[in-house]
Amino acid sequence: MAFSRPTFTLGWWLNAIAFLAALGATTAWIATALSFHVTGLMLMVAYVALGLGVIGACAALFMSKRRGWIALLLVLGLGTGWYQTLKPQEDRDWAFDVAHGVTARVEGDTVQLDKVRNFDWITRDTANVSWEARSYDLEKLDSVDLVTSVWDSDDIAHVIVTFGFSDGQRVAFSVETRKEAHESFNVVGGFFRQFELALIAATEEDILKLRTNHRKEDVRLFPIALSAEQRRTLLLSYVELATKLENQPAFYNTLTHTCTTTLYPLANTVHEDVGLDWRLMASGHLPAYIDELGGFEGDMTIEERMARAAITEAGQTAGRHDYSDVIRLAYSVE
């Protein structure tokens, strides 16, 4: 077939600009995804194949607009097809702190949790490891606290929800990246299925003390005003998530599937039929949103509430056995 030289009209150039923008975005997405899932010689082969596909798509554009776009869609389709073969797994060599996700069973008013983390942290990276089975009586559930932990930007916080019982037990739930032993957290990788998702249930002496005493993050604890029915509903939502992840592992996603996964159910428990709000994503601002919904105990300004909620300094003075009591002395409602 004879090659016909294109006519470089304004329309051709506008199409070419759109084509190159789309091709560039497609290439960047596929190349980045490959970098997180393919290594060694196979990665080099994949990059060469991607490069040939890009060159072929550009050459096709000079034949005709239609051929160029078809070639681009072919590159995108092949990349997407490979990406869809990536499936979340349960049996990887996990980092020790996320070696297990919590599993849950409900029998009447009793919630049985298995693999509750109760580490005694020595440093931020080492601990005496303990995974325990614990049971909780829903009839004794009498408090819920929202915990935010900021390590860098004030706009983004890790969110933990902790439940207290009249028999003195407490259990905290945290949605976290399930990293492999050789991995460290990477925000970009979180967009490209690098990590699975883990629901960790833990004691406060583990999961909060790690952040106040060893990571020295800005940790704040806010008592939430909920009825007995609302407290029960919220706890059972974590049980439901635990069961879902036990039956079907899921990928972590930096934008859509993180600790924010649990924030909408939390806000909806505080106030029915809440709409989507930017502070459900910018989780550092979540306390202000919950405050607007009337979800906190006590009548005070958000500035005063934020100041009272700070527990990092108090946590650093507490021992392991009185930790939960000491951090709550920092927040007294008049």
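Mentor: Strand 8 (residues 170-178) and strand 9 run antiparallel and are joined by seven bridges. Strands here are DSSP runs of E with at least two residues, helices are runs of H or I with at least four, and both are numbered from the N terminus. Two strands pair if DSSP finds at least two bridges between them.

Trainee: Before we go on, what kind of model is this?
Mentor: This is a predicted model, in which local features need pLDDT of at least 70 and side-chain atom pairs count only at pLDDT 80 or more, while totals for chains, interfaces and linings use all residues. Residues are numbered from 1 along each chain as its sequence is written, and side-chain values use heavy atoms, with hydrogens and water left out.

Trainee: Which residue in strand 9 is the bridge partner of Thr177?
Mentor: The partner of Thr177 is Leu197.

Trainee: And is strand 9 mostly covered or open?
Mentor: Strand 9 (residues 196-202) is mostly covered, with seven of its seven residues buried. Buried means under 20% relative accessible area, exposed over 50%, and partly exposed in between, with a 1.4 Å probe and protein chains only.

Trainee: What does strand 2 do with strand 1?
Mentor: They form a hairpin with two residues between them, and Gly108 in the turn has a positive phi of about 65°. Five bridges join strand 1 (residues 103-107) to strand 2 (residues 110-117), again in an antiparallel arrangement.

Trainee: Changing topic: which residues touch the most other members of the largest nonpolar core?
Mentor: Of its 43 residues, these are Leu113, Leu146, Phe163, Phe173 and Leu199. Helix 5 (residues 228-247) gives the largest share of this core, seven residues. Such a core is a set of buried Ala, Val, Leu, Ile, Met, Phe, Trp, Tyr and Cys residues joined through side-chain atoms within 4.5 Å.

Trainee: Last one: how much space lies in the largest pocket?
Mentor: About 1000 Å³. Of the 30 lining residues, Trp151, His158, Thr177, Phe185 and Arg215 are the closest to its centre. A pocket is an open set of points on a 1 Å grid over the protein atoms alone, with protein on both sides within 12 Å along at least five of seven lines, and lining residues have an atom within 4 Å of a point. Grid points are joined across faces, edges and corners, and the volume is the space filled by probe spheres set on the points.

Trainee: Which strand gives the most to that lining?
Mentor: Strand 8 does, with three residues.

Definitions and conventions
On a 1 Å grid over the protein atoms alone, a cavity is a set of points where a 1.4 Å probe fits but cannot get out, and a pocket is an open set with protein on both sides within 12 Å along at least five of seven lines; lining residues have an atom within 4 Å of a point.
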